[in-house]
Amino acid sequence: MIKNAKKQRPVNLDLSTIRFPVTAIASILHRVSGVITFVAVGILLWLLGQSLSSPEGFLVAHAIMSGLLAKFILWGILTALAYHVVVGIRHMLMDTGLLDETLIAGKRSAMISFVLTFVLSLLAGVLVW
Ligand code: HEM
């Protein structure tokens, strides 16, 4: 009996055949963007402190932010923040019952969140460069 049960167990270890639903991807990215935002707060506060410390400190902060890599990182931070806020609002709309908690509504709002974040990310790029 036990032998049979073991034989019939479904086994699917081929990761390339496993697809995450769009709602799961939206959820995982929300946590990732939250962690990025958390780390970014430290970086941005340090940069603010540096720029406010003295006229020389401001020039140092200005020089740091003139670099291509720094601008790219700032753009990434703003994109992560935009995504976190957009999906955070989606979460709160679902929590308050203003957004249906059905699969179809979840999929649709996840897709809308991706599109909104894409637009906000483009705007962030314009702001940074
Ligand atoms: C400094 C700003 C922020 C930081 C560092 C931050 C960080 C995080 C992190 C790390 C999580 C994941 C928690 C987990 O999955 O266990 C989270 C969740 C969440 N955040 Fe933020 N967040 C920030 C701002 C915001 C804002 C402005 C909103 C609202 C628009 C928001 C809405 C949410 C919501 C609703 C959740 C829970 C999502 C869930 O239930 O899975 N957050 N946040």
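At what angle do α2 and α4 pack, and how far apart are their axes? In this predicted model, local features need pLDDT of at least 70 and side-chain atom pairs count only at pLDDT 80 or more, whereas totals for chains, interfaces and linings use all residues. Residues are numbered from 1 along each chain as its sequence is written.

**View 1. The packing of α2 against α4.** The angle between α2 and α4 is about 130 degrees, and their axes lie 8 Å apart; axes are lines fitted to C-alpha atoms, for helices over the stretch in contact, and angles run from 0 to 180 degrees between N-to-C directions. That makes α2 oblique to α4, since angles under 35 degrees count as roughly parallel, over 145 as roughly antiparallel, 65 to 115 as roughly perpendicular and the rest as oblique. Helices (H or I, at least four residues) and strands (E, at least two) are DSSP runs, numbered from the N terminus. The contact joins Ala 26, Leu 29, His 30, Ser 33, Gly 34, Ile 36, Thr 37 and Ala 40 of α2 to Ile 77, Ala 80, Leu 81, Tyr 83, His 84 and Val 87 of α4, where two residues are in contact if their C-beta atoms, placed from the backbone, lie within 7 Å. By class, this contact of α2 with α4 has nine nonpolar, five polar and no charged residues; Ala, Val, Leu, Ile, Met, Phe, Trp, Tyr, Cys and Pro count as nonpolar, Asp, Glu, Lys and Arg as charged, and the others, Gly among them, as polar.

**View 2. The packing of α4 against α5.** Here the angle between α4 and α5 is about 150 degrees, with the axes 9 Å apart, which makes α4 roughly antiparallel to α5. Among the residues that meet are Lys 71, Trp 75 and Arg 90 in α4, and Ser 109, Leu 116 and Val 128 in α5. The contact of α4 with α5 divides into eleven nonpolar, six polar and two charged residues.

**View 3. The packing of α2 against α5.** Helix α2 (residues 22-53) and helix α5 (residues 103-128) pack at about 50 degrees, with their axes 9 Å apart, and that makes α2 oblique to α5. Val 22, Thr 23 and Ala 26 of α2 meet Gly 106, Lys 107, Ala 110, Met 111 and Ser 113 of α5, and the residues of this contact divide into four nonpolar, three polar and one charged.

**View 4. The shell around the ligand.** The ligand is surrounded by 13 residues, the closest being Arg 31, Gly 34, Phe 38, Gly 88 and His 91; a residue is near a molecule or strand if its C-beta atom, placed from the backbone, lies within 6 Å of it. Both α2 and α4 (68-95) supply at least two residues of this shell, and the largest share, seven residues, comes from α2. By class, the shell divides into six nonpolar, six polar and one charged.

**View 5. The stretches listed in the record.** An unreviewed UniProt entry lists residues 20-48, 68-89 and 110-128 under "transmembrane region". Over residues 68-89 the chain is 100% helix and 0% strand, with the end C-alpha atoms 31 Å apart.

Technical notes: UniProt positions are given in the numbering used here, feature names are shortened, and annotations may be inferred rather than shown by experiment.
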